[in-house]
Amino acid sequence: MTTPTDKTNMRIDGTRLWDTLMDMGQVGPGIAGGNNRQTLTDEDAAGRALFQSWCETAGLSMSVDTMGNMFATRAGEDPDALPVYMGSHLDTQPTGGKYDGVLGVLGGLEAMRTMNDLGLKTKHPIVLTNWTNEEGTRFAPAMLASGVFTGKHTQDWAYDRVDAEGKRFGDELKRIGWLGSETVGLRKMHAMFELHIEQGPILEAEHKDIGVVTHGQGLRWVQCTVTGKESHTGSTPMPMRKNAGRGLARITELVHEIAMKHQPNAVGAIGHVDVYPNSRNIIPGKVVFTIDFRSHLQDVIDAMLEEFYEKAPKLCEDIGVSLETEIVGQFNPPAFDETCIAAVRTAAETLGYSHMDIVSGAGHDACWINDLYPTSMIMCPCVDGLSHNEAEEISPEWAAAGTDVLLHAVLATAEIVE
């Protein structure tokens with residue numbers, strides 16, 4: 001461990017960080033080496049309790065708001081200075097990995113521990129956050145609690161979200177014992193940094209240690225309903241069919257063509273599909289599916305939507321089926337704060353880590369916070385770009401490098417006091 005006077009080469013304890021990640025990975029284990037710690041489950045409650053115990057051991061004070069967001073504070077020297085925040089989320093997908101979100105929370109904890117080891121004091125307080133329900137798997141939408149924090153959703157609306165069993169978010173938050181008393185959204189921030197695995201293949205392919213995240217992707221989710229006519233697959237002549245499944249097929253190809261036309265700055269796909277009546281020997285009479293268009297450039301999103309609305313209805317009309325559409329999810333692409341981006345880039349250069357600018361392909365709590373306060377993200381590689389999968393993997397060296405950069409960017413922003 002370095003001394004406080006050697007500030008340009010301060011490093012976290014990589015072994016301690018990795019051990020902490022592995023210990024959290026024992027809470028809510030999956031069936032194939034990952035985790036199933038979905039939000040507001042008993043496993044989530046256990047992970048929260050373990051995290052709180054670590055924070056208290058590190059001398060941090062813990063507060064919890066009415067959305068269950070956890071805030072662990074390391075005091076600053078100036079009582080009037082706004083805090084510098086860092087953090088991510090501890091909830092996982094049903095078949096999630098051990099690092100998605102978790103690295104950002106436990107990397108932040110390791111940064112706090114390192115500050116303690118070095119006896120560092122900062123002008124600004126530093127706050128580590130565990131945001132509730134980032135994944136949005138059990139209770140949609142994703143980034144729910146940070147969305148309430150930033151005024152994107154009302155708390156009452158969030159409390160009324162239900163899971164597949166009809167259980168309310170608000171009831172489950174209370175049941176697991178993590179309904180806090182602090183009013184959500186009252187906190188002010190000087191800045192926020194979120195460390196995260198890339199969840200994509202670019203950094204590993206380019207042999208870079210650090211992704212300096214300059215933008216996030218905006219998205220539009222377009223729910224489509226194609227309506228045809230149910231009829232027997234064996235006895236209905238081919239020319240007389242009104243097959244809603246053909247409408248899905250045509251639009252699937254259209255979405256791919258539109259996204260390819262706007263490379264390298266766009267993606268598009270159809271993920272969720274419901275087919276009715278979903279019987280082997282009945283031609284589908286209705287198909288409901290959702291298109292996901294994304295780009296970090298708003299004009300690209302607009303252009304993709306415009307082309308879709310122009311061409312899709314005609315593709316359906318030509319085969320005798322109808323199309324209805326509805327926007328069911330959207331946010332505009334965030335451009336992260338230039339000063340925060342510079343702090344991340346400078347930290348990587350100071351520490352000698354290879355780095356490149358990158359756009360986040362996934363949504364993160366930082367994307368919402370960026371609307372209100374200066375924000376940026378730090379990314380580290382993940383093996384084969386695989387995430388939202390129990391086989392998700394990173395190396396101890398990648399984790400340490402990302403956390404080193406987080407430590408330096410946060411300290412530069414919070415201002416070390418001699």
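The largest nonpolar core has 92 residues, and Phe-51 and Phe-193 touch the most other members. Helix α12 (residues 396-414) gives the most to this core, contributing eleven residues. Apart from it lies another core, of 23 residues, including Phe-293, Val-300, Leu-305 and Ala-312. Please keep in mind that this is a predicted model.

Let's look at Phe-51 in more detail. Leaving aside residues up to four places away in sequence, Phe-51 touches Met-24, Met-62, Met-70, Leu-90, Val-105, Leu-106, Leu-128 and Asn-130.

Next comes a helix pair. The axes of α2 (residues 42-57) and α3 (residues 102-117) come within 10 Å and cross at roughly 15°. With angles under 35 degrees counting as roughly parallel, α2 is therefore roughly parallel to α3. Their crossing is left-handed. On the α2 side, Phe-51, Trp-54 and Cys-55 meet Val-105, Leu-106, Leu-109 and Arg-113 of α3. Sorted by class, this contact has six nonpolar residues, no polar ones and one charged residue.

Leu-40, not a glycine, has a phi of about 60° and sits in the loop between α1 (14-25) and α2. Leu-40 counts as buried because its relative accessibility is 0%. Glu-415 has a positive phi near 65° and lies in the loop between α12 and β16 (416-417). At 35% relative accessibility, Glu-415 counts as partly exposed.

Conventions
Residues numbered from 1 in each chain as written. Predicted model: local features only at pLDDT ≥ 70, side-chain atom pairs only at ≥ 80, totals over all residues. Heavy atoms only, no water. Core = buried A, V, L, I, M, F, W, Y, C linked by side-chain atoms within 4.5 Å. Buried < 20%, exposed > 50% of the residue type's maximum accessible area, 1.4 Å probe, protein only. Helix = DSSP H or I, 4+ residues; strand = E, 2+ residues; numbered from the N terminus. Contact = heavy atoms within 4.5 Å. Axes fitted to C-alpha atoms, helices over the stretch in contact; angles between N-to-C directions. Parallel < 35°, antiparallel > 145°, perpendicular 65-115°, else oblique. Left-handed = near helix turned anticlockwise from the far one by under 90°. Nonpolar A, V, L, I, M, F, W, Y, C, P; charged D, E, K, R; others polar.
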